[in-house]
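Here is a short briefing for a reader meeting this structure for the first time. Start with the view below, then work through the points by topic.

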Amino acid sequence: LALEQADWFGSAHQAEVLKAAGIADPDERVSAVRTLVAEETRISMLIGVAVGLELGHILIESSEGKD
């Protein structure tokens, strides 16, 4: 939801959702949806790690300035 609100996915995301949902074979559809969810989860985790690393650098710089 947060990534959607930040417009990280946009039209490409909507196209992939429609593509996965439109697959006629139920097993293939489930596989496509699982893949989409897994990819979105990986992107979210990558963003979380990047934010955490940057925050860590900021905190280290802040604490070094207090010495």
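The axes of helix 2 (residues 10–21) and helix 3 cross at roughly 155 degrees and come within 8 Å. Helix 2 is therefore roughly antiparallel to helix 3, because angles over 145 degrees count that way. The model is predicted.

**Where helix 2 meets helix 3**
- Helix 2 contributes His13, Glu16, Val17, Ala20 and Ala21 to the contact.
- On the side of helix 3, the partners are Arg29, Ala32, Val33, Leu36 and Glu40.

**Overall make-up**
- The protein has 3 helices and 0 strands.
- Along the sequence, the pattern reads α-α-α.
- The chain holds 67 residues, and 9% of them count as buried.

**Val30**
- Val30 belongs to helix 3.
- How far apart are Val30 and Ala20 in sequence and in space?
- They are separated by 10 residues in sequence, and their C-alpha atoms lie 8.1 Å apart.
- Is Val30 buried, partly exposed or exposed?
- Val30 counts as partly exposed, because its relative accessibility is 39% and that class runs between 20% and 50%.

**A nonpolar surface patch**
- Which residues form the nonpolar patch on the surface?
- Leu55, Ile58 and Leu59 make it up.
- Together, Leu55, Ile58 and Leu59 have about 280 Å² of accessible area.
- Ile58 sits in helix 3, which covers residues 26–65.
- The relative accessibility of Ile58 is 44%, so Ile58 counts as partly exposed.

Terms used. Residues numbered from 1 in each chain as written. Predicted model: local features only at pLDDT ≥ 70, side-chain atom pairs only at ≥ 80, totals over all residues. Heavy atoms only, no water. Helix = DSSP H or I, 4+ residues; strand = E, 2+ residues; numbered from the N terminus. Buried < 20%, exposed > 50% of the residue type's maximum accessible area, 1.4 Å probe, protein only. Patch = residues over 30% accessible without salt bridge, like charges linked within 9 Å, V, L, I, M, F, W, Y side chains within 5 Å. Areas by Shrake-Rupley, 256 points an atom, 1.4 Å probe, with all protein chains shown as cover. Salt bridge = Lys/Arg side-chain N within 4 Å of Asp/Glu carboxyl O. Axes fitted to C-alpha atoms, helices over the stretch in contact; angles between N-to-C directions. Parallel < 35°, antiparallel > 145°, perpendicular 65-115°, else oblique. Contact = heavy atoms within 4.5 Å.
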